[in-house]
Amino acid sequence: MMRPMKLAGDQLMFGEGCLAHLETLPFKKAFIVTSGRILEETGILPKVREHLTNAKMQTTTFYDVEPDPSFNTIMAGANEMKKFNPDVIIAVGGGSAMDAAKGMWIYYEHEELSTLEEILPPNQFPTLRNKAKMVCIPSTSGTASEVSRSIVVTDNVTGFKHGLGNMEMMPDYAICDPLVTASMPKSLTAATGMDALTHAVEAFTSNRANHVSDVLAVSAIKDIINNLVNAYNEPTNLVYRENMLNASVVAGMAFTNVSLGIVHSIAHTLGSYFHVPHGLANAIMLPYVIRFNMLESQGKKRYQELEEQLNLSSIINTIEDMNKKMNIPASLNEIIKDEDLFTSKIEEMAAMSLKDGCTKTNPVIPTFDQFKYIIKAAYHKELIGE
Ligand SMILES: [Fe+2]
C-alpha cells in the first residue's frame, strides 16, 4: 500500500520577490542559520533582516555551518538557540545550512537529548514545534531541503554521513525566491542543478513511485533539461534561475515522498570517504547507475517510459551532454586522484552504499559485488554492461 504524501509544510511561496513574505510571519525572535559570510556579502542576509525588522522581529545569526554539517555544529547551534530562545528558526542557504538548522531545531526543542544515536531508529523521533517553527529560504536550486523531511548529518568521530528522515522535519514555511539564488557561482549552479535532476530521475524510478510523484518528477526533469545549462551559461538571467528553483522544489516534493535510489547511496558514500560534493557525485554517478538499472527489464521499462514522456531518444545521452556542457567530469578519477587509496576503499564503500537508506527504493537492488562493479566502473570510466 502507498505511503501518505505530504508536499510541503504550512506555507509554500515561490516567485521573484517572495522573500518579502517574511514580513507577514507572526513571530517575535528569529534565529537565522547560514553557512559563512557569503550571503551577508551578496546582500541577501541584510535583506532578510530588513524584512524581519519591518515585522518587528528581533534577530540573531549563526554563521558557522560548514559543508556537510557535523553533529558538533548542530549541537553548537542548538546551544546558541537555547540562549536566544527563538520562536522561529530561519535557514538561509543551501542544503548544508537548511539541514543543519533542522538538526539544531531538534536539540533546541529537546534539551534532554545530546547524542545523534538518540534520534536514530529504533528510537522514536522527537516531536518538534513546542518552541519554534522552521522557515527555509534556499539559496541553491538542488537540495530541496525546504520541502523535504530529511537531513544529512556527518558523524564527527567516524566521518560517516547519516541520513535521517521524519515528517516532523518538514519545514513549516518554504520561501523560494529566485533572487536569493542569483549569486550562485557557475560550478554550484551545475552541481546543485544535477542534484535536483537526480532527485527527479530517482523519484521516477523509485520502487515506491506513484501517480503524483511521477507527475512531479517528469515536470521537474523537463524543466531542468530545458533550463539548467542555460542558467549555467547565463547566471544573471532570472527566468532560468526561477525555472530551476521551481523545478528543484517540485523534484523535492516527489523524492521526499517516494525516496531515491543508488545514485544517492553512492554519492553519500563518496561524500563520507572522499568529500566529493554531493551534487557533483550525483552528476557523475547518474549515467553509470542508469546503465546498470537498465540491464534488468523492470529498470529498463521505467527509463523507457520516462523517455517516452519526455520525448527523448536517450536519457543517458541527454545527461552526459548536460554534464559535458557544464564541465562536469565523466569519471571519478578526474576528481579523486589517488587511485591506490580509492581502490583500497572500494569494498568498504560498496558495503556502505548497500546499507544506505536509498538503496531499498532503487528499481533494481544491487548485490555487494554489483556495487563494487558500479563504483569501479565510474572511477575508470568503464562502460557498464559491456
Ligand atoms: Fe540529493
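**Labels and their cut-offs**

Modeller: Leaving out neighbours within four places in sequence, T189 is in contact (heavy atoms within 4.5 Å) with M184, L228, A231, Y232 and R241. Bear in mind that this is a predicted model, where local features need pLDDT of at least 70, side-chain atom pairs count only at pLDDT 80 or more, and totals for chains, interfaces and linings use all residues. Residues are numbered from 1 along each chain as its sequence is written, and side-chain values use heavy atoms, with hydrogens and water left out.

Biologist: Why does T189 count as buried?

Modeller: Buried means under 20% relative accessible area, exposed over 50%, partly exposed in between, with a 1.4 Å probe and protein chains only. T189 has 4%, so it counts as buried.

Biologist: What makes D195 (OD), H199 (NE2), H264 (NE2) and H278 (NE2) donors of the iron ion?

Modeller: Donors are N, O and S atoms within 2.8 Å of the metal (3.2 Å for Na, K and Ca); water is not among the atoms, so sites may look incomplete. These four lie 2.1 to 2.2 Å from the iron ion, within that cut-off.

Biologist: Why is the iron site called irregular?

Modeller: Four donors count as tetrahedral if all angles lie between 85 and 135 degrees; four count as square planar and six as octahedral if opposite donors are over 155 degrees apart and all others between 65 and 115; anything else is irregular. The angles here run from 84 to 169 degrees, and the site is irregular.

Biologist: How do you know that H264 is buried?

Modeller: H264 has a relative accessible area of 2%, so it is buried.
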